[in-house]
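Subject: Structure handover, aromatic rings

Hello,

Here is the structure you are taking over. Please have it open while you read the notes below.

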Amino acid sequence: MSAVVVVQVGQCGNQLGAVLWSLLRRHCEGGPGEGTRGNVFYSSGGKARAVLVDSEPKVLQQIIAQDSFGQFRSDNVVADQSGRGNNWAMGYFGPQLAKAPSKAAGKAP
């Protein structure tokens with residue numbers, strides 16, 4: 001069986017990803033984990049196959065708080081404590097988040 005892992009990066013990527021997952025939840029017949037389309041996007045436990053990455057936790061906390069279905073695993077949420085403050089160089093060279101998404105993607109069921 002093949003699977004799709006969605007990697008959402010940054011404020012825009014995570015906000016668009018949140019909309020994507022709400023549409024997928026409605027679109028997958030029988031709910032997550034059931035039916036052919038649901039198995040591609042959701043693990044057998046009904047969790048979204050997604051990695052959420054941002055340099056500050058604010059947007060990710062909002063997405064998790066609005067997730068009434070509990071579809072995101074906390075292990076797959078990667079955030080730094082300090083934002084980039086529109087500083088391109090800080091975002092580009094920030095070493096803290098460089099390897100974390102690939103580790104989280106490897107854990108995604």
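Over the ring of which residue does the charged end of R25 sit? The ring is that of F69, and the charged end of R25 is 4.1 Å from its centre. A charge sits over a ring if NZ of Lys or CZ of Arg is within 6 Å of the ring centre and within 35 degrees of the ring normal.

The model is predicted, so local features need pLDDT of at least 70 and side-chain atom pairs pLDDT 80 or more, while totals for chains, interfaces and linings use all residues. Residues are numbered from 1 along each chain as its sequence is written, and side-chain values use heavy atoms, without hydrogens and water.

Now the ring pairs. There are 3 aromatic pairs in the structure. Rings of Phe, Tyr and Trp (its six-membered ring) pair if their centres lie within 6.5 Å; planes under 30 degrees apart are stacked, over 60 edge-to-face, the rest tilted.

One of the pairs is W21 with F41, edge-to-face at 6.5 Å between centres and 85 degrees between planes. W21 lies in helix α1 (residues 10–27) and F41 in helix α2 (residues 35–41), 20 residues apart. Helices are DSSP runs of H or I with at least four residues, strands runs of E with at least two, numbered from the N terminus.

W21 has 0% relative accessibility and so counts as buried, whereas F41, at 22%, is partly exposed. Buried means under 20% relative accessible area, exposed over 50%, and partly exposed in between (1.4 Å probe, protein chains only).

W21 also pairs with F72: the centres are 6.4 Å apart and the planes at 90 degrees, so this pair is edge-to-face. F72 is in the loop between α3 (57–66) and β3 (77–79), 51 residues from W21. Together, W21, F41, Y42 and F72 form one aromatic cluster.

Regards
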